[in-house]
Each structure stands twice: as C-alpha cells, then as structure tokens.
Amino acid sequence: MSTVTTSTMSTTPLINKRVVVDWLGIAPFLIFALLFLILPTIYLIAGAFLTPDGSLTLKNIGDLFTKSIMDSYWISIKVSVTSALGGALIGFYLAWALVMGGLPAWVRNVFLTFSGVASNFAGVPLAFAFIATIGRLGLVTVLMRDWLGFNLYATGFNLYSFIGLTVTYMYFQIPLMVLIITPALDGMKKEWREAASILGATNRQYWLMVALPILWPSLLGTTLLLFANAFGAIATAIALTGSSLNIIPIQLYAQIRGDVLHNANLGYAMALGMIVITGISNVIYIIMRIRAERWQK
C-alpha cells in the first residue's frame, strides 16, 4: 500500500510539470491570438453598435444596406466567387496531373514547393509584378504587341478592372487549391478504382460515380476557403486598382482612415458584415473537411 502511494506521489509532480511546459509552449500563440485576433474582433463588434459618443445604436447596421455599400459587397462577392471558381478548377486539374498523371516525383516536389511560396505572394509586390508583366506597358504586353502584332488592351482587357483583379487574385488562389486538394487526391484508394474496373465501370463512370462524390466535400470546402481568402484581401486590390474598383475592404479602409465621410463605427459595421460572410464560408469548409476525412479513413 505504501509503495503504491509513494509511486503515485512521485509521478504526480512530473505530470504537473509536463502540463505546465506544454501550456508554456503554446502560450505565445495564445497571447498573439488574444491581442491581434480575439480582442480586436470583440472591439469592432461592439463598435458596430455604438455611436461616436458611445451610445447604443442600430444605425450603423442599417447603413450597411445603402446602395453604395451594398454595391461594394456585391463587387467583392463577384470577384471572390470568380477567382475562387477559377482557382479551384485550374488548381484541381494541376493537382490531378501531379498526383495521378504519372509525372516524375521531382516535378511534384518542385511544383508543391512553388505553390507554397506563390500562395503567400500577395499585396503590393503581387500588384507590381502584374503591372510590370501585363500592364499597359508591361513586358508581356509590349512583346506581344511588337513581335506578334497582338494588342492585348485592344481586346477590352484592362488589368485595373474587375477582370484584371480577378486574374491577379487567381495567382495565389490556384497554388492554394493545389496545396489543399493534393492530400485529398493522395487519399484516393487504389482499391476503389480496381473494384470499379472489376464491375465493368469505365474511367468516366469511375470519376462520375465514385471519385467525384468522395472528393466533393473537399472540392466544395476548398472552394469556400478560396472565396474567404479573396474576400478579405485588400493590399493587392488597393495597389492595383486604387479606388476605381470599390470593393468592400477598400470602403472599410477609407472609413477607418477617415478619407471620405469618416465614420469609424460604420467601418466596424462593415467589418462585422465581412466577418459574418467569411465566417459562414469557413464553417461550411470545416464541415466539408470533416466529411471528407471521414470518407478517406
């Protein structure tokens, strides 16, 4: 009896020390999330229901439904949806080629490494890269005009418009899709294809009736994640289009800075609307990811 008691007492301090060390390990992340994510979110949610003098009001929420703000939300949604669908479609086929296309292993490694870099390449550097490449006097634009006799901007293309911003966003949307969907494709079991072949299914039937239904939660969830990724982007848009394409992040930025019709509390309400939209997208993404992982176990 005394031996058991002594053993328990000797191991308990060790367990407690390990728990303390584990919590200390994640403490920097928790502090960072608290200071730069949780507290600012609480602050702007509260500010959305306050007047500049601190009184409670619903006017800021009501002002979100004015035409100019609703138009900004709509433009942002269109840019995000278009870039997300384009990025998901192209990224899926690229990932399929890497996983199932029979390419050498080094091609996959190089491409995934590049995707990891490109998916985080955004903001002012990305805007400058596109201006220097396919702007009105960009390298590719000038080469096509002088060598091939093809004037890109004579076709109606404009880098500083809806189409141009969407194409620019797809630069980081496509590699992000590749990074996220590749593990899902890796999880496709060879036994499923073999079983389908034994039962007489063609390759097309296998993809339509087996593979795509299994991959559908991953595809839908990743597309929603791409939507949320584009919806909150501002640095690339403001560096590329300025105020010519008045998406909601640019409107929010103007309100917070006080450039035009300064109303910080209205800006908080705009941010709250963005949080709701991206929050719904992320929740659905998490649900779809859980379903996809359940299928692949």
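Predicted model: local features only at pLDDT ≥ 70, side-chain atom pairs only at ≥ 80, totals over all residues.
1. **The α3 and α4 pair.**

2. From α3 come Leu94, Leu98 and Val99, and they meet Val107, Arg108, Phe111 and Leu112 of α4. By class, the residues of this contact are six nonpolar, no polar and one charged. Keep an eye on Arg108 of α4, as this residue comes up again below.

3. **Thr182.** Is this residue, Thr182, buried or exposed? Its relative accessible area is 4%, under the 20% limit, so Thr182 counts as buried. Thr182 belongs to helix α7 (residues 162-186). Beyond its neighbours within four places in sequence, Thr182 is in contact with Ala95, Val99, Arg108 and Leu112. Among these, Val99 of α3 and both Arg108 and Leu112 of α4 also take part in the α3 and α4 contact.

4. Side chains of opposite charge can pair when their charged atoms come close. Asp186 and Arg108 form a salt bridge, with 2.6 Å between the closest N and O atoms. This pair links distant parts of the chain, as Asp186 sits in helix α7 and Arg108 in helix α4, 78 residues apart. Asp186 is partly exposed at 39% relative accessible area, and Arg108 is partly exposed too, at 24%.

5. How many salt bridges does the structure hold? There are four. One of them joins the side chains of Lys59 and Asp63 (2.9 Å, N to O); both residues lie in helix α2 (residues 59-63), four residues apart, about one turn of the helix. Lys59 is exposed at 55%, whereas Asp63 counts as buried at 18%. Another salt bridge pairs Asp71 with Lys67, the closest N and O atoms being 2.8 Å apart. Asp71 and Lys67 are both in helix α3, again four residues apart. Here Asp71 is partly exposed at 34% and Lys67 is exposed at 64%.

6. **Annotated spans.** An unreviewed UniProt entry places "transmembrane region" features at several spans, including residues 159-185 and 233-254. In the model, residues 159-185 are 89% helix and 0% strand, with end C-alpha atoms 34 Å apart. Residues 233-254 are 64% helix and 0% strand, and their end C-alpha atoms lie 15 Å apart.

Technical notes. Residues numbered from 1 in each chain as written. Heavy atoms only, no water. Contact = heavy atoms within 4.5 Å. Helix = DSSP H or I, 4+ residues; strand = E, 2+ residues; numbered from the N terminus. Nonpolar A, V, L, I, M, F, W, Y, C, P; charged D, E, K, R; others polar. UniProt positions renumbered as here; feature names shortened; annotations may be inferred. Buried < 20%, exposed > 50% of the residue type's maximum accessible area, 1.4 Å probe, protein only.
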